[in-house]
Structures are given as C-alpha cells and as structure tokens.
Amino acid sequence: MQTTDPQKTNKKPPSVFSLLKPYMGLVTLLLLFALLSNGVNLWLPKVIASGIDDYAQKHFVLNDIIKKFSLAVVIVFIFSYLQTIIQTYASERVARDLRSRLSDKISRQSHAFIEQANPAKLLTNLTADVDSIKLFVSQALVSIVSSLFIIIGASILLFTINWRLALAVIAIIPIIGGTFFYVLKNVRALFIKSRGVIDQLNKVINESILGAALIRVINSQQLEYNKFLLANTEAKEYGLRILGFFAGLIPIVTFTANMAGLTILVMGGHFVINGSMTLGSFAAFNSYLSLLIFPIFILGFMSNLIAQASASFTRISTVLDAPDVAQTGTITETLRGDVELKDVSLFYGQKPALKNVSLKVPAGAKIAVIGPTAAGKTQLLYLLTNLINPSSGEVLYDGHNIGAYDSESFHSQVGFVFQDSIIFNMSIRENIAFSDTVTDESLEKAIDTAELRDFIVSLPDHLNTVVSERGSSLSGGQKQRIMLARALAVNPKVLLLDDFTARVDTNTEKKILTNIQKNYPGLTLISVTQKIASVEHYDQIILLMQGEVVARGVHDELMHTSTDYVQIFNSQQSTSNYEQGIAH
Amino acid sequence: MNYDLNKLSQEQQKTSTFAGLRKLLQLIAHEKRTLIIALFAILVNSTLNLLGPLIIGHTIDKYVQHKDFTGVLHNAAILLCMFLAALFTSNKQTKLMGGVGQRMLFTLRNSIFNKLQQLPVGFFNQNKAGDLISRVNNDTDKLNQFFSQSLMQFIGNISTMVGAGVFLILINIELGAATLSPAVVILVLTLVLSPWIKRKNALNLKSVGGMSAEIQESLNNFKVIIAFNRRDYFRKRFDIANQENYRTSIGSGLANNVFVPVYGFFASIAQLIVLTFGIYLISTGRFSLGLLVSYLSYSTLFYNPLRQLAALWTNFQLAMAGWDRISQILSLETDLPQLQEGITEQNSALLEFRHVHFGYTEEREILHNICFTLEQGKTYALVGPTGGGKTTTASLIARLYDPSKGLVMLDGKDIRTYSAEERSKKIGFILQEPFLFTGTVKDNILYGNDLYVNHTNEQLEKVIVDANLGSLLAIFEAGLDTEVLSSGDSISLGQKQLIAFMRAVLRNPQILILDEATANIDTITEKLLSDILNKLPATTTRVIIAHRLNTIENADEIFFVNSGEVIRAGSLNDAMDMLLQGKRVS
C-alpha cells in the first residue's frame with residue numbers, strides 16, 4: 001500500500017479525485033458493492049483449504065462445501081453486476097456533467113479567449129480529455145480500491161494462516177511496486193510528449209480536410225503526406241519507447257511473483273513436512289498468491305490511467321478556471337442609435353491595428369468606412385460589437401460605454417453581417433432566426449429585405465431546408481444574403497456591414513439597400529466597403545489607412561480634400577459608369 | 001458519386017468482426033517473420049510459466065507428502081532456472097508483439113491519410129468536416145489505445161489461457177473437460193451477445209461524431225454566437241448532443257460491462273468443479289492432492305485472463321467499431337481516375353468545353369450543355385448573378401469534378417488523361433475561400449511549389465519582386481516571416497486572398513483562374529493585382545470570375561453565366577445589358 005500511495009498523493013492539485021466530490025453517493029455505493037464482492041471472493045480459498053484439510057482428515061462433507069461455495073458465488077455475482085451498472089452510470093454522468101460545465105464555461109467566454117484557446121484544442125478538451133476522465137471513473141477508481149482491498153485482505157489472511165511464510169510472500173509487494181513506480185514515472189513523461197505528437201498529427205489531418213480543395217488544385221497531396229509521415233513516424237517512435245519500458249517491466253514483475261511461489265514451495269513445504277502447517281493451508285497460500293499478484297498488475301496499469309486522466313484534467317481545469325468575462329453591463333434601454341468612438345487604439349502585441357480613431361455617428365445616419373486591405377476596418381467593427389475590447393479609448397452607444405450595456409439587450413439591437421460566410425448546419429429558418437427573440441413577422445421582413453424570397457421558394461423544403469456546414473451547397477452571394485437576413489431579423493437599431501457588397505452583384509446590392517431604407521427606417525448603418533459608388537450618398541465616409549483615420553467627410557468634400565480618396569475613386573472610376581447604369 | 005459516409009454506412013451491410021479483423025491483419029502481412037519469432041517466444045514463455053504449477057503439484061505429491069525436503073529443494077532449483085529463462089522470453093514476446101502493433105498502427109494511419117489525399121473534393125463537400133475529423137482522429141485513437149495498450153495484454157492473456165487449458169486437459173482429461181465446461185458457456189454467451197454489443201458501440205460512436213461536429217461548428221463560428229447573443233443557443237444545442245451522447249454511452253457501457261460479472265461467476269463455478277470433482281477423483285484413486293493444488297492454480301490461470309479478456313474485448317470491439325468506420329473511408333475510390341493517353345487533336349484551343357453537363361447530385365443538374373473555348377494568352381471573364389454556375393464552371397476547368405456528360409479538352413487532349421501533377425502545373429485556381437496553413441507567409445506562398453524550396457528570404461524576395469508581387473508582400477507586417485494561423489482572424493480575409501494570389505502567380509500556370517479572388521481586397525490593391533495580371537507572361541490565359549466589373553474591363557472576352565448556361569457576351573456593354581435584364585435565379 002505504501003508503494004502505491006505516493007503516486008497518487010504526489011499529484012499536484014487540482015487532483016482528478018476532487019472531481020468526484022459531487023458524486024459521493026454514487027461512488028460510495030460503487031465502492032461498497034466492489035468491496036462486498038471482493039470480500040466474499042477472498043473468502044473462497046479459505047473454503048477450498050478447509051475442504052482439502054477435511055478430506056485429508058477424512059471428515060469431508062460434500063454438501064456443506066457446495067452450499068457454502070454456491071452461496072458465495074451467487075453473492076459475488078449479484079454484487080459485481082450491480083457494481084458494473086453503477087460504474088457505467090457514475091462514469092457517464094461525470095463525463096456528461098464535465099462536458100456541460102466545460103461548454104457552459106466556454107459559452108460565457110469572449111471571442112478573444114476562444115481564438116487564443118484554439119477551437120481545435122477545446123474540441124479535444126470536450127472529447128478525448130473527458131473520455132480519459134470517464135475511463136478513470138469507470139475503470140481506475142473501482143480497480144484501485146478493490147485491488148488495494150484484496151492486497152490488504154489477502155495479506156491479513158496470509159498472516160492468520162502462517163505469519164512467517166506470509167512475511168516472506170508479502171516481501172514481493174514493495175519490489176513489484178517499486179519497479180512499477182520507476183517505470184511509470186518514465187512512461188508518463190513519454191505519454192505527455194506522445195500526446196503532443198498526436199496533436200500535431202491531428203493538426204495535419206484537420207488542415208488537410210479543411211484545405212482539401214486547395215490541396216487538390218495545387219496537387220500537393222504528397223507534401224501533406226510527407227508532413228503526416230514525419231509526425232506519424234515520431235508517434236511510432238514514442239510508442240516503441242513506451243513499449244520498451246513495458247517490455248522490461250512485465251518480465252520483472254512476473255519473475256518476482258514466481259519467486260514468491262517458489263518461496264511458498266520451499267518454506268511452506270518445509271512447514272508441512274515438519275507438521276507446523278496443513279496441506280490445505282499450503283494450497284490456500286498458493287491460491288492467495290495468485291489472488292495477490294493480479295491486483296498489483298492492475299494497480300500498475302491503472303496508475304497509467306490516473307496519469308492520463310490527471311493530465312487531461314489539468315488541461316480541462318485551465319479552461320474551467322479561466323476567469324469569467326465580467327458581465328457588468330446593466331443598461332437595457334432601447335438604443336437611439338448614436339455611435340461614437342473616442343480616441344480608440346487597438347494593439348495586437350506590439351502591433352497597432354487601430355491608432356487613436358475617433359468618430360461620431362448620429363442616430364439614423366449612414367456612414368461608410370473605406371480603406372485598403374489590413375487597414376483595420378474589420379477590427380473597427382469587432383470593437384463596435386464588443387467582440388474585442390480597445391487597448392485604450394472608449395466605444396460609446398448613446399453616450400454610454402459599450403460595456404455598460406447588458407449584453408443580451410445590446411446584441412439584440414445591433415446587427416452584424418460578417419465578412420466571411422458563416423452558415424450553420426441547420427435549417428435556413430434557424431440560420432436566419434438565429435436569435436430567439438425573432439418573431440415570424442420580423443423573419444419575413446428580413447427575408448424580403450435581403451431579397452431571399454425567390455431563392456427560398458425554389459428550395460425543396462423552403463425555410464426548413466437544411467444547409468450544410470460551411471455552406472458549401474450555397475453560392476457566395478446566397479450565403480452573404482442569409483447572413484444579412486440573420487442580422488436584420490433581430491430588428492436592429494444599428495446595422496454593421498463588413499464588406500457585404502463583395503460577393504453580392506451590384507444589381508441585388510442596390511435593391512437590398514433600398515429595401516433596408518424602406519423597411520428599417522431610422523436605422524444607423526455603418527458599412528465597411530470597397531466600393532465608393534455605392535456609398536457616395538452616405539452621410540459620412542471615413543477613410544481608414546493602416547489603422548488611422550486619414551480623411552472623413554461626405555463624398556464631395558473628400559473629392560477635394562483627400563488625395564488618397566481621389567486615388568481610390570479614380571481606381572474605380574473607369575467602371576463606375578456601368579455600375580451607375582445598372583442602378584437605374 | 002455518393003461520398004456521404006452517413007448514407008453509405010446505412011447502405012453497407014454489417015461486416016462481421018472476423019471479416020474486419022482479417023482486413024486489419026492484411027496490414028501486417030509483411031511482418032510474418034517477426035510474428036513467427038514472437039509466437040515462438042510466446043509459446044516458450046507460456047510453457048515455462050505454466051510448467052510451474054505442475055512441478056509444484058508434483059513436488060507436493062512426491063516430496064512434501066513423503067517428507068523429503070531435499071527433493072523439494074531439487075525441484076525448486078529447476079523452477080528457478082525456468083523462471084530465469086522466462087524473464088528473457090517474456091521480454092522478447094512483449095517487444096516483438098508490441099512492435100508489430102505499433103507498426104501496424106503506423107501503417108494504418110498512413111493508409112487513412114493517403115486515402116484522404118486520394119479522394120476528390122466531392123468527398124469533402126459531402127461530409128461534414130467535423131464528422132470527418134472525428135472519424136479520423138477519434139477512431140484512429142481508439143485503435144491506438146488498443147494497439148499501444150491492450151494488444152500486449154491481449155496476447156499475454158490469450159497465451160496464458162490457452163496454455164492453462166492445454167495443461168488442464170493433458171493432466172486429466174475428465175477433470176480438465178469438467179473444469180473447462182463453464183468456459184464453453186461463456187464462449188456461447190459471448191458469441192450471442194457480441195453483435196448486440198457492437199451495435200451499441202456503433203451507435204455510441206455515431207453520437208460522438210455528431211457531438212464533435214456540433215462543437216466544431218459552434219467553436220469555429222463563435223463570433224456569430226457572441227454577436228447574436230446566442231450563447232444559450234450554443235449551450236442548448238450542445239446539451240442536446242451531450243445528452244444524446246450520454247444516452248448512447250450508457251447503452252454501450254452497460255453492454256460492454258455485462259461480461260465482467262458473468263465471467264467471474266463461471267470462473268468460481270469452475271473452481272467449485274475442480275474442488276468437488278477433484279476430491280471425488282482422488283477418493284477413487286485416479287488423482288492426487290498435489291495435482292489438485294496444481295489444478296486450482298491452472299483454473300485460476302485459465303479464468304483470470306478470461307476475465308481480463310472480457311475487459312479487453314470491450315476495447316477490441318471499440319477498436320473494431322472504429323476500424324469499421326475507418327475502413328468505410330478506405331474502401332472509397334476516387335471518381336476522378338486518370339484515363340489512358342488518347343488521341344491528341346492538332347491545332348486545338350488551350351481549353352475547350354464540349355457539351356458539358358454537370359450536377360453535384362444526380363437529381364439536380366447545375367450546368368446544361370456548355371460549350372466554349374479558351375485561347376492561349378487571352379483574358380476571359382465570367383460574369384453573372386450569384387448562384388448561376390460560375391464557380392462550378394471554374395471547378396470543372398480545374399477538374400475538381402468531372403462532367404456527367406460531355407468533354408473538357410485541355411491542349412487537345414481529354415483533361416482526364418493528364419496526371420494530377422501535369423494538370424496542376426498547367427492550371428492555377430485561386431479559390432473563393434482562401435485557405436492558409438498555420439505557418440509563415442513564406443510557407444504559404446511557397447506551399448506546394450518546388451521551384452523555390454531552397455531559396456533564402458533574400459532570394460525569394462527577389463523572385464517576388466521580379467514577379468511584380470513586391471508591393472503585395474509589403475502589406476505584411478513582418479514580410480515573409482509574418483506568422484499566420486489556419487483558423488481564426490490573425491490576418492484579414494483580404495490578406496488571405498493576397499497570399500492565395502501570390503501563391504498562384506508564383507506557380508506560373510498556363511491558365512490562371514481567379515474565383516472572386518479579390519472580392520475582399522480594396523480597389524487600390526486590386527489595381528495592383530490587375531497590373532500584375534497584365535504583366536504575366538503573354539502565354540498565360542486568365543479566367544476571372546467577378547461581380548465587380550472594374551476587375552474585368554480588360555477582358556478579351558466575356559462570358560455571361562446564368563441558370564447553368566454560358567453565353568458569350570461580346571463586349572462589356574453586352575454583358576451589362578445581360579446583367580440588367582438577367583433575372584436572378586438564386
């Protein structure tokens with residue numbers, strides 16, 4: 001026992017055992033059944049021994065033995081069956097609850113947290129890591145307790161039969177335990193490293209699935225294969241190194257156990273010969289030895305499970321223990337729609353994405369943000385939706401800091417159309433009525449405004465048609481319009497468009513913008529775009545370059561004041577005639 | 001072709017465990033020699049370990065009962081030598097068998113990945129990425145757990161069990177048969193219950209896949225969930241998947257654990273048989289007390305591993321269920337095979353569509369009877385409303401799919417006769433959704449490009465400047481060494497498109513297709529791109545798909561693509577007219 005204890009208690013907190021606290025009832029029941037069935041099991045060799053002795057002393061009663069034995073066997077069967085049932089329920093409940101806790105925690109995190117924690121790693125936390133904890137509960141826990149029980153129980157029984165021989169036999173426990181301790185310490189380190197390699201392996205697989213189209217266009221299958229081969233070879237080598245340790249461990253343990261058997265033969269034989277022990281007891285010693293060896297093996301393997309579960313739990317804990325995003329906002333009033341940025345800067349490490357940006361948008365105004373790639377336009381919109389926080393400066397809605405708003409109330413009044421197409425694997429209705437505050441009426445209005453009516457009617461199940469993940473069955477423009485309808489369906493007071501026009505043809509775009517003005521009067525519109533033509537009549541145009549506002553004003557002003565603006569205008573000029581032509 | 005794995009698994013009849021195992025074993029067919037040596041080591045090792053109880057029984061009968069301690073010592077010495085020998089064989093056995101297991105896993109992973117690389121784009125569009133990733137990662141991990149942990153125990157236990165069985169029969173056939181009879185019951189029970197257990201596990205694996213897909217989708221699109229304040233929605237959807245997973249897990253868990261108590265029960269029955277029937281045999285003088293002690297050991301040696309095997313059997317079933325799902329992928333074949341070299345037509349256009357029909361599914365045709373030709377060195381534009389078939393047309397040019405009817409001719413030959421390597425050298429395709437690999441800008445620009453592999457940053461920068469791409473590179477903070485992530489918003493969509501653009505141009509293709517490849521790039525940078533396109537070698541054919549008309553004003557020819565038809569538009573003005581009149585079908 002002393003040999004196995006340190007392995008567990010040495011674990012740094014939080015220990016995976018702490019996870020079991022809320023399930024004490026189940027765990028107690030589980031252990032109780034396990035101990036009962038094992039306890040009766042321990043008694044069996046005694047029954048056999050007395051049978052042999054009775055026979056040797058010629059007063060053997062067959063019925064007696066059969067009765068005792070059968071009773072024991074049935075009891076063991078019932079208890080161990082109950083044990084497996086509880087074991088299954090307990091482990092699955094721990095797993096389910098842990099997943100719920102994780103998802104609950106994740107669901108309350110910020111965008112930045114998810115990006116930093118990396119969705120792929122969070123997926124591992126929710127699946128593989130939880131599984132290894134499940135395995136710990138379902139197998140390790142019971143095995144460890146019953147093994148310890150059997151080792152202790154068998155040892156005590158051995159002592160009651162013959163203490164000198166017992167002492168000699170029990171001497172094997174520390175030897176086997178010590179070997180296990182040494183090997184597993186080494187193996188554990190290797191396991192952690194090999195887990196890292198597996199992560200790398202999975203990364204290559206993931207990228208090769210997500211980038212499948214590109215890989216086929218470039219014909220870089222071999223390249224991907226080589227990347228994979230490298231990681232896979234490394235994984236194999238770790239596997240073989242771990243194997244090497246086990247190949248050393250198992251023979252030593254078996255040998256030690258065999259030596260104990262040999263001791264029983266020599267010493268026990270000696271005792272039987274000089275009459276200080278019966279033949280039945282001698283047989284019992286042999287039986288108890290085989291009972292004793294098995295649990296030691298199991299303890300060894302289980303400590304592996306514990307190590308894996310502990311590593312998994314440490315990873316999970318970093319997510320669970322992450323500080324909550326402070327939800328301090330309380331304002332739930334209806335927005336008028338005034339938006340203001342006050343001297344806002346945003347840094348990614350050393351790198352500024354936005355520098356001292358200030359702008360003011362009165363309610364109901366339409367403003368456009370124009371600028372080259374990597375100017376910080378998208379980040380600006382992220383700030384306006386509270387997806388990220390500014391490094392300095394303030395984002396104000398109706399004169400209040402964005403953080404002062406109750407996030408539920410806030411998000412139900414601000415619609416955001418993302419630049420990249422994000423379509424969920426569910427029906428079009430659910431994709432558009434993504435927020436639960438959406439009424440049928442506002443859903444219909446959003447669909448009409450986004451010019452989706454014809455498209456939806458053409459689908460087999462209309463609004464209930466399920467669109468696939470990553471929206472591969474939809475065209476780029478269809479996806480964009482669904483995203484717009486999603487934003488409009490909440491009846492927003494403020495609408496943020498991120499490069500909405502990029503994938504929608506000019507004709508449709510004009511129609512949609514007219515629809516918005518008609519159906520959502522008084523809406524504050526902030527549109528990030530590339531096309532000057534579609535925003536010429538906006539109340540304000542802001543030219544953003546490398547994170548700085550370089551010019552602002554209405555179109556005509558900018559044409560006179562900003563050379564950068566004129567340059568952009570001219571670059572689009574050659575075709576603007578045609579675009580105008582389409583508009584009319 | 002149908003690549004939907006969920007549909008396929010419904011159609012496919014269930015393979016038996018044995019058939020699955022045989023397919024798995026084919027992966028190690030080349031390891032015969034090692035396997036034979038390992039089996040030999042196992043045999044010797046088991047014999048050595050199993051002789052122990054027999055010699056002990058013999059010692060009891062012959063020496064202990066006759067009070068001959070020297071004899072005891074004599075036999076003890078023999079045992080010691082045997083155990084020492086077993087020390088060596090046991091080590092060999094684990095090393096050899098475990099090695100085979102690890103290499104098998106290695107081969108298996110390689111063949112899955114290799115298969116994934118062979119399958120066409122259609123396969124990836126028909127399956128959810130999350131489900132695929134789960135299939136490949138989780139299911140191989142199940143096999144991994146089996147091979148790296150359970151297999152050794154499996155082999156060890158089986159050899160001990162079989163050996164003990166043999167000794168039980170050899171020493172006394174009557175008592176041996178009686179002792180083994182409960183095992184027959186177990187065997188029958190196992191065979192009867194196995195399909196049920198396997199079904200439960202398959203059900204569970206499926207719900208695990210569903211849950212992974214759910215998580216994947218939500219986490220990758222977390223910003224939408226935040227912006228629409230649907231954190232509760234994420235929780236709710238996850239809870240449903242979680243609860244479903246819980247339900248199927250309980251089912252599979254109960255099924256998997258059913259054997260443990262049953263095995264224990266029959267093991268004890270066997271002990272009882274040994275004791276009672278053994279004593280009866282002794283009383284009739286056909287057996288000895290010493291052998292009874294050996295027999296009790298053997299029956300433990302037989303039934304204990306059996307119990308372990310019950311637990312391992314679960315792992316084995318899990319591994320086999322995983323293997324089933326994996327072999328579904330392995331059994332798929334690409335529907336884009338390379339055809340035999342055919343006739344080469346003289347004086348043909350660079351690329352020609354001849355009466356091409358195509359649909360992603362058989363029911364719904366997207367392109368109807370398309371005919372057009374592309375000449376070398378010219379610039380073509382595909383315009384038209386969204387959903388009209390522009391991307392699909394481009395995908396057929398790059399042979400991401402084959403037409404269902406008709407021919408695509410490249411340089412006078414059926415495009416299907418080109419090897420993937422030749423074809424991808426000739427055709428560059430900048431996809432609508434740019435994809436980056438985690439790494440640096442340099443890694444991504446040079447991705448799959450052998451030409452500049454050993455170039456230093458300075459040399460590469462020169463190449464980039466020579467290709468007129470210098471101004472684009474300057475947009476990246478740390479130039480070539482700028483770090484990018486495959487997922488997430490580390491850089492903007494426009495920047496991703498720039499990288500994809502540079503990547504394609506540096507490959508110097510004969511046909512360069514841009515599928516709205518500059519949609520999220522500002523107009524000034526776009527001007528740069530169009531200058532770069534104009535400066536491409538005179539032989540390069542450009543195919544530009546765009547909504548924004550300024551990107552196509554330099555086109556030599558414009559095609560209007562709508563409702564699955566491709567019509568030659570003559571001039572930009574004609575295209576305008578068509579766009580104005582063209583009814584939006586999407």
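Student: In which loop of chain B is Asp411(B) found?
Tutor: This is a predicted model: local features need pLDDT of at least 70, side-chain atom pairs count only at pLDDT 80 or more, and totals for chains, interfaces and linings use all residues. Residues are numbered from 1 along each chain as its sequence is written, while chains are lettered from A and ligands numbered from 1 in the order in which they are written. Helices (H or I, at least four residues) and strands (E, at least two) are DSSP runs, numbered from the N terminus. In chain B, Asp411(B) belongs to the loop between β4 (405–410) and β5 (413–414).

Student: What is the phi of Asp411(B), which is not a glycine?
Tutor: Most residues other than glycine have a negative phi. Asp411(B) is not a glycine, yet its phi is positive, at about 55 degrees.

Student: Is Asp411(B) buried, exposed or partly exposed?
Tutor: Let's count neighbours: a residue is buried if 20 or more other C-beta atoms (placed from the backbone) lie within 10 Å of its own, exposed if 12 or fewer, and partly exposed in between. Asp411(B) has 17 other C-beta atoms within 10 Å, so the label is partly exposed.

Student: Where is the place of Asn508(B), a residue with positive phi?
Tutor: Asn508(B) is a residue other than glycine with a phi near 55 degrees. With 16 other C-beta atoms within 10 Å, Asn508(B) is partly exposed. Its place in chain B is the loop between α17 (493–506) and β9 (511–515).

Student: Is Asn206(A) buried or exposed?
Tutor: Asn206(A) is part of helix α7 (residues 172–210) of chain A. Around Asn206(A) there are 22 other C-beta atoms within 10 Å, so this residue is buried.

Student: Leaving aside its neighbours within four places in sequence, which residues is Asn206(A) in contact with?
Tutor: Two residues are in contact if their C-beta atoms, placed from the backbone, lie within 7 Å. Ala120(A) is 86 residues from Asn206(A) along the chain, and their C-alpha atoms are 8.8 Å apart. Setting aside neighbours within four places in sequence, Asn206(A) is in contact with Ala120(A) and Ile133(B).

Student: How many residues of chain A are in contact with chain B, and which helix of chain B gives the largest share of its side?
Tutor: The contact joins 133 residues of chain B with 137 residues of chain A. On the chain B side, the largest share is 24 residues, and they come from helix α4 (residues 69–118) of chain B.

Student: How do the residues of the side of chain B that touches chain A divide?
Tutor: Here Ala, Val, Leu, Ile, Met, Phe, Trp, Tyr, Cys and Pro count as nonpolar, Asp, Glu, Lys and Arg as charged, and the others, Gly among them, as polar. The side of chain B that touches chain A divides into 63 nonpolar, 50 polar and 20 charged.

Student: Are α2(A) and α10(B) roughly parallel or roughly antiparallel?
Tutor: Axes are lines fitted to C-alpha atoms, for helices over the stretch in contact, with angles from 0 to 180 degrees between N-to-C directions. Angles under 35 degrees count as roughly parallel, over 145 as roughly antiparallel, 65 to 115 as roughly perpendicular and the rest as oblique. The axes of helix α2 (residues 24–56) of chain A and helix α10 (residues 259–283) of chain B come within 11 Å and cross at roughly 5 degrees. That angle makes α2(A) and α10(B) roughly parallel.

Student: Which residues in α10(B) meet α2(A)?
Tutor: The residues of this contact divide into 5 nonpolar, 3 polar and no charged. Leu44(A), Ile48(A), Gly51(A) and Tyr55(A) in α2(A) meet these residues in α10(B): Ser268(B), Gln271(B), Leu275(B) and Ile279(B).

Student: How far apart do the C-alpha centres of domain 1 and domain 2 of chain B lie?
Tutor: Domain bounds come from an automatic or database domain assignment. For chain B, it gives domain 1 (18–330) and domain 2 (351–581). Their C-alpha centres are separated by 53 Å.

Student: What radius of gyration does chain A have?
Tutor: The radius of gyration is taken over C-alpha atoms, and the globule rule is 2.2 Å times the number of residues to the power 0.38. The C-alpha trace of chain A spans about 120 × 45 × 45 Å along its principal axes. A compact globule of 584 residues would come near 25 Å, but chain A has 36 Å.
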